[in-house]
Amino acid sequence: MLPANRRPITILTADGLNLIGEVATPIGERKGSILALHPLPTAGGMMDSHIYKKASNRLPAMAGIEIIRFNSRGTTSEAGTSEGNFGEGVTEKFDVEAAIEFSFNELRVEKLWVMGWSFGTDLALKFARDPRVIGLILLSPPLRTSELSDLEFWAKDGRPITALIPEFDDYLQPAAAAKAFEIVSQIDLINVDEAKHLWVGEPAVYRVLSEITKIVAPESLPLPTQF
């Protein structure tokens, strides 16, 4: 865990739930902020899922990137459990919208990207439409609950989207991803050789964190391998 200003946060949703989270802010210049939407909670996904935990531990110091994480409704991590029950990717709409509002109104972010991983990519595509969001970063998108209308929205909207597609993904591999996203002309599909859905292993982690930095704070590349 590298130096950063870290503090717990509580996000209140429009339907009255308190969601727990944490923000890790650079000690120096804040070059950009990322709101992280975690993988499927019924499969163990949470705000501490390893890519997000490592992003929070490293990127504020290495790249000047603020990382905002939270547990969606009914989700548990070491920090505790958010109120409510898992909503099958439907009532989480309130969670995403509240987290975006919190980021702007309470954290005073200036440049916000929304990043989803697995289940979180569907939440991003469906619910992160706030016009203040700069764009989306998608890790291992399964397109499990996203619909054609969601992709059509982003295609018309035109904001930048980057998707990292693992070669050996369990749900959507590069060829299928290219076809599925073909209507979103502005999407940058990055196929990652030998990677898997969960991005296990330090080479995979370094690649993901480097791609995130390339989007939000490219002047901070290459990321150091020692600190």
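These legends go with a few close-up views of a predicted model.

**View 1. Strand E7, covered on both faces.**
Let's start with E7, the strand that runs over residues 112–117. Of its 6 residues, 6 are buried, so the strand counts as mostly covered, with buried meaning under 20% relative accessible area. Leu112, Val114 and Gly116 sit on one side, while Trp113, Met115 and Trp117 sit on the other. Every one of those side positions is buried.

**View 2. The strands that pair with E7.**
Which strands does E7 pair with? One of them is E3, residues 32–37, which joins E7 in the parallel sense over 5 bridges. To find your way in this pairing, look for Ser33, whose bridge partner in E7 is Leu112. Strand E8, residues 135–139, pairs with E7 too, again in the parallel sense and over 5 bridges. Here Met115 is a handy landmark, as it stands opposite Ile137 in E8.

**View 3. From E7 over helix H3 to E8.**
Now follow the chain out of E7 and into helix H3, residues 119–127. Together with E8, these two elements make a β-α-β unit, and the unit is right-handed.

**View 4. Helix H2 meets helix H3.**
H2 covers residues 92–105, and its axis comes within 10 Å of the axis of H3. The two axes cross at roughly 75 degrees. That angle falls in the 65 to 115 range, so H2 and H3 are roughly perpendicular to each other. On the H2 side, the contact brings in Glu92, Lys93, Val96 and Glu97; on the H3 side, you'll find Phe119, Leu123 and Phe127. Sorted by type, the residues of this contact come to 4 nonpolar, 3 charged and no polar.

Most residues other than glycine have a negative phi. Look for Leu143 in the loop between E8 and helix H4 (148–157). Is Trp199 buried or exposed? Trp199 is buried, because its relative accessible area is 0%.

Most peptide bonds are trans. You can find Pro222 in the segment after helix H6 (202–216).

Technical notes: Residues numbered from 1 in each chain as written. Predicted model: local features only at pLDDT ≥ 70, side-chain atom pairs only at ≥ 80, totals over all residues. Heavy atoms only, no water. Buried < 20%, exposed > 50% of the residue type's maximum accessible area, 1.4 Å probe, protein only. Helix = DSSP H or I, 4+ residues; strand = E, 2+ residues; numbered from the N terminus. Pairing = 2+ DSSP bridges. Right-handed = clockwise from strand over helix to strand, strands pointing away. Axes fitted to C-alpha atoms, helices over the stretch in contact; angles between N-to-C directions. Parallel < 35°, antiparallel > 145°, perpendicular 65-115°, else oblique. Contact = heavy atoms within 4.5 Å. Nonpolar A, V, L, I, M, F, W, Y, C, P; charged D, E, K, R; others polar.
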